[in-house]
Amino acid sequence: MAIRIPLSVPVVGPAERELLLEALDSGWITPAGPQLDAFEAEVARCTGRARAVGVSSGTAALHLALVVAGVREGDAVLCPTLSFIASANAISHARAVPVFVDCDATGNMAPGLLEEAIAAAERTGRRVGAVLAVDLYGKVADHDAIGAVARAYGAPLVVDAAESLGARRGERPAGSHGDIAAVSFNGNKIVTASSGGAVLTDDDELADRARHLATQAREPVPHYEHRVIGYNYRLSNILAALGLAQLRRLPEFLTARRAHREAYRALCAEAAGLEILGGDDEGDNCWITSVLVDPAATGQDPVRLREHLARAGIEARPVFAPLHSQPVYADPVAYPRVLDGTADRLFATGLSLPSSPASLPQDVAEVCERLAGALVRTGAAA
Ligand SMILES: Cc1ncc(COP(=O)(O)O)c(C=O)c1O
């Protein structure tokens, strides 16, 4: 059946059209221009950072962040195992080795296990290049605790805020934590430029180096001169225009996603054995809402529930498969890990539900009804 209620799709309209046409008419059909400058200023403002460097993807932003933070070939970089593959791939792109750390019940990296993993990584004789923390599904991680461990080992904290734009922890906005951070503007994110990302930092030197590397490390001389190997990572001015229009709608998108979270939370309050992944919503941008399904209490499992929803044209997805179990990173000798089974449990029991502002309250009400109906028919083939 065709998808009627998607997991997360972009919402664009007249505001995006207007800025896109303005960018086209400006003649800046390049990875430079006034829309890109304005976009960077707005991203920096939203994240409470002094500088934002617009690049072609969140993965490129993370790669650059690691490189300018000083990560070198062969370094160990600690990262949570419960994340999207790009978190680990960016470490590999920097020729470093991801070391996987399990999460706590919120889904974010557990600071206690990080301490264990970083000490173990040091004992193997590898230099610890950085700690890469992720704000999973739009919940800002405990960067105070994670940063304290990183600092104790002299490692910079790089934050993957790809999913958390608009979220806060206490007074601090997502993207403001760590020595340097990265955000994504991919099509499925809370704000999209169709694709794109940004490096965020308060350090002018780091920002300038990221920008330099993103433009093929071209020296500022009339002829083409390059002293180091750079990348073609700058964001297109056209895409920046789209991103700028979307950023102005961030409050609207936050309101819609948070309202969907409330509806799912109400379902969980009524249905025994269903619980929201991440604990309370304090400060979350509610980018994606996932529920944890207790098979004993519900007589269901996430696989059957997903298929049940799919038959009604409702898109749901498993929670991210832990990175330590991905075939490409499965070798525990090549890719060390410190695990306590939490990420495996969240993967086995988690189901991500439609969270898009494109969905109306009645769409989410339908998702809740269908879920509740499947749980009532405990044990039946849903
Ligand atoms: C946690 C996380 N890190 C990194 C990325 C990479 O962003 P992009 O797709 O823009 O390269 C994503 C999203 O795709 C993500 O969810």
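**An aromatic cluster and an open sheet**

Let me begin with Phe 84, Tyr 137, Trp 287 and Phe 320, which form one aromatic cluster; rings of Phe, Tyr and Trp (for Trp the six-membered ring) pair if their centres lie within 6.5 Å, and planes under 30 degrees apart count as stacked, over 60 as edge-to-face and the rest as tilted. This is a predicted model, in which local features need pLDDT of at least 70 and side-chain atom pairs count only at pLDDT 80 or more, while totals for chains, interfaces and linings use all residues. Residues are numbered from 1 along each chain as its sequence is written, and side-chain values use heavy atoms, with hydrogens and water left out.

A search of the whole structure finds seven aromatic pairs. In one of them, the ring centres of Phe 84 and Phe 320 lie 5.9 Å apart with planes at 45 degrees, so this pair is tilted. Phe 84 sits in the loop between strand E2 (76-80) and helix H4 (85-93), and Phe 320 in the loop between E12 and strand E13 (337-338), so the pair ties together parts 236 residues apart in sequence; helices (H or I, at least four residues) and strands (E, at least two) are DSSP runs, numbered from the N terminus.

Is Phe 320 buried or exposed? At 18% relative accessibility, Phe 320 counts as buried, whereas Phe 84, at 45%, is partly exposed; buried means under 20% relative accessible area, exposed over 50%, and partly exposed in between, with a 1.4 Å probe and protein chains only.

Turning to the sheet, four strands form an open sheet in the order E10-E11-E14-E12, with antiparallel pairing, where two strands pair if DSSP finds at least two bridges between them. Its edge strands are E10 (274-276) and E12 (317-318), each pairing on one side only.
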